[in-house]
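Here are some notes to read beside the model. Please keep the sequence open while you go through them.

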Amino acid sequence: MRFFLDTADVREIETGLEWGMVDGITTNPSLIAKQGKPYLPTVKEIAELVDGPVSGEVLATDYEGMLAEARKLAALADNVVVKVPLSPAGLRAVRTLKAEGIPTNVTLCFSANQALLAAKAGAAYISPFVGRVDDVGWDGMELIEQVVTIYDNYAFDTEVLVASIRHPLHVAQSALLGAHVATIPFKVLEKLYRHPLTDRGLEAFLDDWRATGKGFDD
Ligand code: G3P
């Protein structure tokens, strides 16, 4: 499973890269707005920092507008993936951009049928938002299971990129279901490492050796 960081915060990205746990980045207009920096330069800065795919989202909602913005995003760096909202105009743009060799990540997916449409349009990635499905009392992981099953049934090339991840269980469940990618907020990535028994066990190991009064090289 590939781990993308779901952030536009360069400090979080640099830390994740140091940990060796960043295979790519996803941004969205809200995440970039939080940084208080210009839109395109922020995507470019991140794409130059990270070797893997970096998703930058169009702001237009009409077909021609999305194409124009997508081409500007794609021109920023070879690893930019263009995020497109799930709409008739959006998926029409996905088909056109694929023909131009520009990879897309179809975002704001909340149903299996939407994911099926995105795969038929030729998206490189589909982003089902598990957390937001949970937020309205449905089961976000059920959506992931449906999408993975449908994509396997028809051997679609589109990759399932689980988004709107809220906690470590979303990551583990996505991996158990065979999703290709999880895009993870930095605070959730930090939590993946943590377990109280690990902390307690390490402390006990070190205490036991400290009790001998000897050091590492004794
Ligand atoms: O990549 C999409 C993700 O950023 C949305 O997450 O927490 O706003 O639902 P959230």
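1. Thr-7 sits in the loop between strand S1 (2-6) and H1; helices (H or I, at least four residues) and strands (E, at least two) are DSSP runs, numbered from the N terminus. This is a predicted model, in which local features need pLDDT of at least 70 and side-chain atom pairs count only at pLDDT 80 or more, while totals for chains, interfaces and linings use all residues. Residues are numbered from 1 along each chain as its sequence is written, and side-chain values use heavy atoms, with hydrogens and water left out.

2. Is Thr-7 buried or exposed? Thr-7 is buried, because its relative accessibility is 3%; buried means under 20% relative accessible area, exposed over 50%, and partly exposed in between (1.4 Å probe, protein chains only). Leaving aside neighbours within four places in sequence, Thr-7 is in contact (heavy atoms within 4.5 Å) with residues including Glu-12, Ile-25 and Ile-46.

3. Two polar contacts involve Asp-9. Such a contact is a pair of N or O atoms within 3.5 Å; within protein, one must be able to donate a hydrogen and the other to accept it, and residues adjacent in sequence count only if both atoms are side-chain atoms. A polar side-chain atom of Thr-7 lies 2.9 Å from the backbone nitrogen of Asp-9. At the start of H1, a side-chain oxygen of Asp-9 comes within 2.8 Å of the backbone nitrogen of Arg-11.

4. Val-10, Ile-13 and Gly-16 are buried in H1. Seen down the axis of H1, its buried residues fall within an arc of 125°, so they line one face of the helix; the arc is that of the directions from the helix axis to the C-beta atoms. An α-helix has 3.6 residues a turn, so residues three or four places apart point the same way. The buried residues of H1 pack against S1, S2, helix H3 (39-49) and helix H10 (186-193). Arg-11 and Glu-18, on the other side of H1, are exposed.

5. After H1 comes Gly-20, with a positive phi near 75°. Trp-19 lies in the loop between helix H1 (10-18) and strand S2 (24-26). Trp-19 counts as partly exposed because its relative accessible area is 34%.

6. Val-94 belongs to helix H5 (residues 88-99). Val-94 is buried, because its relative accessibility is 0%. Not counting residues up to four places away in sequence, Val-94 touches several residues, among them Val-84, Val-106 and Ala-121. The C-alpha atoms of Val-94 and Leu-67 are 8.8 Å apart, and the two residues are 27 residues apart along the chain.
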